Amino acid sequence: MLIYIAKGGEIIDMTFSETVSEKMEISNQYMTHCAPAMSNRMIAREGANRHEYYHPIGSRYMMLRVRANPDSELEIKPSFRWEAYPIGRDGKFETSNPLADKIWKACEQTQRVCSLDTYVDTPYREQAQWWGDARVQAWNTFMLGDDPRLLWRGIRQIAMQTAPNGLTYGHSPTMAHHCILPDYSVVWILTLFDYYWQTGDSSVYDDYEKTIDAILSYFDGVTNPNTGLVSYDPRYWLFLDWTNIQRDGEPAILNLWLLYALDVTADTCAKTGREGMAKKYSARAAKLREAIEKNLVDSDGLVRDGILPGGKPNPLKGIQAQVLGRMTNLKGFDFEKAKDKILLPFLRGELKTHADPSSYWHVYLYDLMINEGYGREVYADILRKWKDMAEFGTAYEGFDSKTGTCSHAWTAHPLFLMPRILGGIKQTAPAWGKVSFNPLFIEDKGSIVWPTPHGKIKLQWRKLPDGTFEKKLDLPEGIELSN
């Protein structure tokens, strides 16, 4: 901020916002708790002044208000500095569909502004390293460059700040002791796999075995001995999803996430020669799996949202539970029914449920349905739901600019999902040692580049006059095609 011709004593207040009203009035939803973090004040001295504020603020609009300035002839020249982590620019996505390209660019920009010294939920509001957000952000980042350092740093920071009972904090570093989220502790366990999968470095399991065990010990303490299911703990904020999903009683989503984390950890430990750890976690998984299949898989083949306080089964069967039911391969779960009655109708915009997944949780729905062969439906849903964000230029916290921030990277997952759908490249081995190739050339032409530890995978395609497609796939040395 440069100020000239000050008489001294003028008070310059600055307020920042992502949106403004039609009358160009600042719109700040966070006046009660975050406004101070999005405002600055400067009191001028006589003559020329120059000041650079320490705290970075991500915004689109700035309102200046000058007080105590009778007869003043101030000249104010604000300027802005780009401050973000240097994410790579190796990944590319270009197609013959301008909307798809604009969505990808909006998601890319969102991920860039949400990457500071750590992953942050948004550069606008609290700028916190929420770990549920960070998992999605790592997937986004790996589409832009082979750089796992932010993920690795976050894994370490989360593990360094734990509650006495073993739970990790929902974000770290922090002094917000009310932000301990049991489900984010489970997510942290899963990010150990994410790091291993990207890098091939399995030593994270040795480094953090005690942290994993401490988290699992907490869950042992809140398990209902009558059902074998983990119960809601009112001392903590159980997030699960930003929607009206069951949290009290014995929620299915929490139990299913825990089962999935145990399965993934046990399998990875077995494949990397950690037989003792694999046996330990697989035994826990088997016990929890039996409890889930007994209490949460209904006779109709669908997964209940949980056991309600008082012991009655919840009659509601939401999207999240069906997705996790498939991810954990529950015995008795009828995925074909869940797919036909719930998941596909929702993707096609034909169904509204009691707890529609948030924009964040869509990544898990989309990932599953792409794996199941429904990439076209997912792609069409992305084009519908991200259209406004494409025009705005960044991804919203929800599905509209009036709900939360307008720069939330947990919603930027089309960044890696759209290339996977159209290009069909899927990593099938640690450190990208193997990939499968099953493209869906929905658009007439396109070009995609995936960065990997071995170099860039490059794909180009175009539709020929006879309706067939000409394609060129370049795999760097060290990557095997595993179709």
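A crossing of two helices is called left-handed if the near helix is turned anticlockwise from the far one by less than a right angle, and right-handed if clockwise. With that in hand, helix α7 passes α9 in a left-handed crossing. The model described here is a predicted one, in which local features need pLDDT of at least 70, side-chain atom pairs count only at pLDDT 80 or more, and totals for chains, interfaces and linings use all residues. Residues are numbered from 1 along each chain as its sequence is written, and side-chain values use heavy atoms, with hydrogens and water left out.

Helices and strands are DSSP runs numbered from the N terminus (H or I over at least four residues for helices, E over at least two for strands). Two packed helices are described by the angle between their axes and the distance between the axes. For α7 (residues 252-271) and α9 (residues 319-327), the axes come within 10 Å and cross at roughly 20 degrees. Axes here are lines fitted to C-alpha atoms, for helices over the stretch in contact, and angles run from 0 to 180 degrees between N-to-C directions. Angles under 35 degrees count as roughly parallel, over 145 as roughly antiparallel, 65 to 115 as roughly perpendicular and the rest as oblique; α7 and α9 are therefore roughly parallel to each other. Contact means heavy atoms within 4.5 Å. On the α7 side the meeting residues are I253, L256, W257 and Y260, and their counterparts in α9 are Q320, A321, L324, G325 and M327.

Attention now turns to the strands. Two strands pair if DSSP finds at least two bridges between them. An open sheet is formed by 4 strands in the order β9-β14-β15-β16, with antiparallel pairing. Strands β9 (92-95) and β16 (469-474) stand at the edges with a single partner strand each, so one side of each is left without a neighbour in the sheet. From one strand to the next, the twist averages 10 degrees. Within this sheet, β14 (residues 445-452) and β15 (residues 455-463) pair in the antiparallel sense over 8 bridges, and T452 stands opposite G455 in β15. Helix α2 packs on the sheet, where α2 touches β9 and β14 and its direction makes about 110 degrees with that of β14. Helix α14 lies across β9, β14 and β15, running at about 120 degrees to β14.

Another antiparallel pairing joins β2 (residues 11-17) and β5 over 5 bridges, with I11 opposite I43 in β5. In a regular strand the side chains alternate between the two faces of the sheet. Buried means under 20% relative accessible area, exposed over 50%, and partly exposed in between (1.4 Å probe, protein chains only).

A100 is found in α1 and, at 0% relative accessibility, counts as buried. Leaving aside neighbours within four places in sequence, A100 is in contact with F93, T95, Y379, L383 and M418. The C-alpha atoms of A100 and V113 are separated by 20 Å, the two residues being 13 apart along the chain.

Side chains of opposite charge can pair when their charged atoms come close. A salt bridge is a side-chain nitrogen of Lys or Arg within 4 Å of a carboxyl oxygen of Asp or Glu, and by this rule the count comes to 32 salt bridges. One of them joins R125 and E397 (3.0 Å, N to O). R125 lies in the loop between α1 (98-113) and α2 (131-144) and E397 in the loop between α13 (387-392) and α14 (414-423), so the pair ties together parts that are 272 residues apart in sequence. R125 is buried at 12% relative accessibility, as is E397 at 9%.

A second salt bridge links E209 to K280, with the closest N and O atoms 2.7 Å apart. E209 lies in α6 (residues 209-221) and K280 in α8 (residues 275-295), so this pair ties together parts that are 71 residues apart in sequence. Both residues are partly exposed, E209 with a relative accessible area of 25% and K280 with 29%.

The side chains of K339 and E336 also meet in a salt bridge (2.7 Å, N to O). These two residues both lie in helix α10 (residues 335-347), 3 residues apart, about one turn of the helix. K339 is buried, with a relative accessible area of 7%, whereas E336 is partly exposed at 44%. Finally, salt bridges that share partners join D121, R125, E126 and E397 into one network.
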